[in-house]
Amino acid sequence: MRKSIITVSILVLALSLIFSVGAAAQQDLDKKEITEEVTLKLWEADEERIDTEILDPLIERFERKYTNVTVERTHAGSVEDLRQNTQTAYMGGQGPDLVLSPFDHIGPFSIMGLAQPLDELMSQDMKDKYIDAALPGMSLHGETYGVPVTMGNHLMLMYNKNIVDEAPETWSELIEVAKANTVDEDGDGLVDKYGLAYNLNEPFWWAAFHGGFDGWVFDEEYNPTLNTEATVDALQFVYDLKFEHEIVPKESDYDLMDSLFKEGNVAFIINGDWSIEGYKNAENIDLGVAPIPRFEKTGKYGQPMTSGKGFIMLTELPEQKQIAAIKFIDFMTSTAAQELYVDNNFLPSNDQAYGLPQIQNDPVMKGSAEQLRNGKAMPVVPEMRGVWDAVRPALQSVMSDDLTPEAAAEQMQKEAEENIKSMQ
Amino acid sequence: MSVKKDPTWKKVVFHIILIISVIIAVYPALRVFGTSLRPGDSLHSTSLAIIPDNATFEAYRTLIFDKGFLVWLRNSLLVTFFTVIIGVSLASTAGYVFSRKRFPGRKGGLTFFLLTQMFPATMLLLPMYILLAQFGLTEQTIVVPFLGMAKAHIGLIIMYSSTALPLCVWQMKGYYDTIPESLEEAALVDGLNQFQAFYKIILPLAKPALVITALFSFMTAWNEYMVARVVMTDNSLYTLPVGLTNLAGQFNTAWAQFAAASVLIMIPVMAIFLLLSRFLVGGLTLGGVKG
Amino acid sequence: MSQPGENLRFTSALSNFSLKDFWREHKFSYMMLLPAFIVVLFVVIYPFFYNFRLAFSNLNMYNMRQFIQNDELTYVGIQNFIQIVQESSFWIILLRTVAWTVINVVAHVGFGIFYAIILDRDIMFKSIYRTLLVIPWAIPQYIVVLIWKGMFNFRYGAVNLLLRKIGVPGVAWLSQASTGFSAALIVNIWLGIPFMMMIALGGLQSIDPNFYEAAEIDGASNWQQIKHITLPLLKPVMLPAVILGVVWTFNNLRVIYLLTQNTLTNKIDILVTHVYRSAFEFYRYGYAAAFSLIIFVILLVWAISFIDYINAD
């Protein structure tokens with residue numbers, strides 16, 4: 001009896017030793033202390049309002065909590081500038097320590113060796129606090145390279161309640177209502193009010209239609225799959241919106257659709273979560289939010305690509321900086337910090353934050369969260385660029401009536417394959 | 001120097017042409033101004049009116065009082081001032097010998113200045129940054145406290161001067177070519193040395209070219225942001241165009257402020273232009289001196 | 001017996017080369033030149049060789065890590081260059097770039113001189129006109145190109161509105177490659193005229209008014225005066241501006257890139273926008289560097305032969 005107790009305890013001891021050895025690679029930096037004065041250089045590409053209303057106050061709170069850390073926030077221009085400048089500065093040996101970036105930069109940054117793998121730096125406790133979709137969103141080939149702060153960046157259907165009472169369930173209903181609201185008020189032969197506006201020639205918008213027809217841009221090995229029935233259907237559908245139903249403005253880019261909606265000249269718009277705050281405050285808009293309607297053919301709702309923004313740590317940082325960076329990320333994704341994001345209509349990455357009344361009780365936020373569930377994560381592989389650049393010209397040609405959907409699908413596939421090959 | 005007076009019908013035609021041209025030149029700029037007055041940050045408007053409904057100067061107020069506009073303005077003036085000084089002084093001397101002297105390497109030198117402009121600039125950005133970083137010229141530390149000049153500003157000044165110099169050198173050379181050499185010959189006979197002849201006789205005659213050179217150097221430094229964007233990371237050291245790009249986000253841009261900043265950036269340019277263009281016309285020219 | 005001076009001059013270039021004499025003769029020239037030369041050389045030489053090296057490598061995203069960490073490149077000889085000239089798109093883009101450059105520069109210089117000549121005459125309010133006409137140059141390009149983009153919108157743009165007023169149906173400018181290219185030309189011509197106007201205005205000041213008086217006495221018409229006096233005498237001042245104008249227009253990234261972003265994308269690419277996309281969207285650094293080198297050589301050959309042609313004239 002006693003013997004068996006000893007055997008068991010030896011066994012336990014041995015097992016715990018094995019486990020602790022196994023966990024030795026696990027650094028759990030969020031549980032370590034910062035012992036030196038550390039300056040963290042953070043580069044971001046957020047809009048001005050977010051910089052001053054979310055980031056700066058949070059940084060201030062963080063610095064008060066960790067008095068030996070200073071966070072220097074630098075706005076690096078557009079999202080493209082952020083990527084290029086980070087890379088340039090890194091190669092010049094300067095660069096940031098942390099980047100707050102859209103998920104897509106994970107692709108190039110991890111392949112070029114700029115992004116620090118984080119799996120071993122974060123404790124399991126820290127990892128457990130995120131929603132299931134969060135960390136995989138910033139992972140590639142099984143490694144985590146970033147920690148999301150906000151989830152979404154997804155398109156949804158928004159409507160102006162001053163013009164229409166409620167959002168339709170299916171596309172045929174939407175088209176009907178939109179037709180009734182596409183009018184030439186002053187009789188000069190030119191339409192003044194539109195039923196629907198969205199960014200006609202932008203693949204990111206088209207992808208929501210494509211997904212609704214059950215299409216997806218890649219197969220499992222990241223080979224493009226664009227010459228499909230779904231592609232043809234989705235192209236035909238957006239073509240019809242413009243040429244047959246005539247419910248959208250003839251040339252409509254982002255800034256134009258945005259201006260039209262703000263002026264109260266559009267009933268429905270398809271736009272992303274980033275635009276909610278501006279529309280809530282616009283005086284001509286009483287904002288409603290709903291999922292992009294269902295397509296009769298597939299029975300599926302519009303399926304926007306989802307993404308988000310999160311922190312990427314640069315490689316080759318000294319340990320003290322790494323600890324400070326992980327602590328900072330941990331802080332920025334705490335429920336308290338995430339509440340500020342929620343207040344600005346972003347969906348958080350922190351699981352608990354979804355219980356906040358701001359999400360539970362606000363119809364707009366609820367609608368946004370609902371739409372997020374209909375979305376599908378945008379691939380972060382750099383090959384995605386090759387797909388976008390193949391879709392865009394073909395889509396434009398269809399929308400200017402130069403190319404049939406069938407020919408366009410074929411062209412997309414061919415160009416996507418060429419683009420991806422040229423990158424290797 | 002103006003030629004003889006034109007008959008009235010001709011003047012009317014000129015005025016009509018000029019008025020139409022001015023409208024075309026100014027209209028897009030007026031739309032920028034209109035955007036700056038628009039509440040709610042829309043870039044476009046469906047109305048053609050320049051002044052929007054419920055126009056507001058709020059964007060200007062925010063920009064000047066809440067953002068670092070005045071600091072950015074000072075930084076830009078600083079960088080631009082030194083770029084102009086370097087551009088004008090180095091180009092006026094280099095252009096002079098290219099025009100007057102025959103020496104080994106003259107043609108090669110002239111071509112060299114041209115070639116520096118031929119390589120697509122975007123591809124030069126990365127190695128230029130690495131170069132500046134090597135010399136510590138990307139550091140944000142202040143080196144001339146009373147001017148608020150940082151090492152990175154010096155980097156920019158060098159960068160901009162070298163960008164502006166090729167045109168400036170060629171421009172000065174082209175203008176010197178039109179000034180008769182007999183003027184210096186006379187000066188040399190009068191006992192001036194080569195540099196004095198250049199400095200006292202020729203340089204004053206080349207004022208129109210100096211004005212163009214100054215204006216061009218000014219514009220190069222004033223509006224550049226590709227390099228500055230990477231080099232400047234400290235908000236208080238930004239030049240105006242970098243501060244301007246700060247207002248642009250991925251989707252939502254503070255268009256009203258962005259436009260307001262663009263209008264404000266333009267004002268010093270117009271002022272400089274008015275100031276300098278006095279020297280461009282009448283009175284101080286070669287003809288004037290000779291006549 | 002030969003004169004010592006003559007002897008010296010004769011042999012100095014060959015056997016009896018004296019650095020001291022050479023220096024004495026050219027000291028002034030080199031000292032005047034040196035500062036400008038050093039500043040430009042400092043900035044240019046390293047970036048140039050950096051790209052030169054990349055042009056013969058296969059640097060892309062996948063081997064970038066090796067390059068960043070160990071400065072390792074895999075050289076592939078002239079493979080990039082062969083690939084570029086074999087692409088059919090290269091020749092189309094080259095042709096488009098040439099058309100883009102020629103149309104732009106001709107318009108810039110033509111209008112620039114035209115306005116300069118008018119504004120140099122005795123005309124009321126000329127300083128007001130001059131100031132207002134320079135606005136396209138003074139305004140930050142980024143925003144004004146976006147404003148132009150809005151002005152080309154089919155339904156609301158000012159351009160179509162004007163067309164409809166004069167009874168022409170609106171054009172969907174940014175939907176078709178041909179109209180999109182025209183739109184880009186209009187914007188860039190608008191942007192570039194003030195610069196050439198200023199250069200020409202400066203140049204006009206160098207012309208001795210006595211020439212005109214003499215021509216007036218000979219009974220030459222205004223047009224004849226411009227053709228035989230103004231234009232030839234403007235040549236030395238306009239030449240550098242024209243050469244650099246060509247180089248800059250050839251390498252003008254911004255207008256086409258911003259105007260076609262999210263509209264026509266790569267349908268009206270010129271060489272330099274193609275380079276930009278290759279390097280920064282597809283991470284093909286080796287290819288883009290080789291492409292840049294080709295652009296460089298094209299411009300260099302053109303500039304040298306153009307200068308020779310002008311000087312021979």
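# A walk through chains A, B and C

Start by selecting residues 285-307 of chain C: the span is 100% helix and 0% strand, and its end C-alpha atoms lie 33 Å apart. Helices here are DSSP runs of H or I with at least four residues, strands are runs of E with at least two, and both are numbered from the N terminus.

Before moving on, note that this is a predicted model, in which local features need pLDDT of at least 70 and side-chain atom pairs count only at pLDDT 80 or more, while totals for chains, interfaces and linings use all residues. Residues are numbered from 1 along each chain as its sequence is written, chains are lettered from A and ligands numbered from 1 in the order in which they are written, and side-chain values use heavy atoms, with hydrogens and water left out.

**Stop 1: the annotated spans**

Stay with chain C, where an unreviewed UniProt entry lists "transmembrane region" for residues 28-49, 98-119, 131-151, 171-191, 233-250 and 285-307. UniProt positions are in the numbering used here, feature names are shortened, and annotations may be inferred rather than shown by experiment. Highlight residues 98-119 of chain C next: this stretch is 100% helix and 0% strand, with 31 Å between its end C-alpha atoms.

Now switch to chain B. Select residues 152-170 of chain B to see a span of 100% helix and 0% strand, its end C-alpha atoms 28 Å apart. Residues 110-132 of chain B are 78% helix and 0% strand, and their end C-alpha atoms lie 26 Å apart.

**Stop 2: where chain B meets chain C**

Show both chains together. With contact taken as heavy atoms within 4.5 Å, 100 residues from chain B and 98 residues from chain C take part. About 9300 Å² is buried between chain B and chain C, and carbon and sulfur atoms give 79% of it. On the chain B side, pick out Met118(B), Phe119(B) and Met123(B), which lose the most area to chain C, together 8% of what that side buries. Buried area is the accessible area (1.4 Å probe) that two parts lose on being put together, summed over both.

Which residues form a salt bridge here, with N and O atoms 3.5 Å apart? Zoom in on Lys107(B) and Asp308(C). The rule, a side-chain nitrogen of Lys or Arg within 4 Å of a carboxyl oxygen of Asp or Glu, finds 1 salt bridge across this interface. Helix 1 (residues 8-37) of chain B gives the most to the side of chain B that touches chain C, with 18 residues. Colour that side by residue class and you get 66 nonpolar, 23 polar and 11 charged; Ala, Val, Leu, Ile, Met, Phe, Trp, Tyr, Cys and Pro count as nonpolar, Asp, Glu, Lys and Arg as charged, and the others, Gly among them, as polar.

**Stop 3: the two domains of chain A**

Finally, select domain 1 (29-152 + 307-377) and domain 2 (155-303 + 382-422) of chain A, with bounds from an automatic or database domain assignment. Their C-alpha centres lie 30 Å apart. Here 24 residues of domain 1 are in contact with 20 residues of domain 2, and the two bury about 1700 Å² between them, 56% of it on carbon and sulfur atoms.

There are 2 salt bridges between these domains. Display Lys280(A) and Asp362(A), a salt bridge whose closest N and O atoms are 3.3 Å apart.
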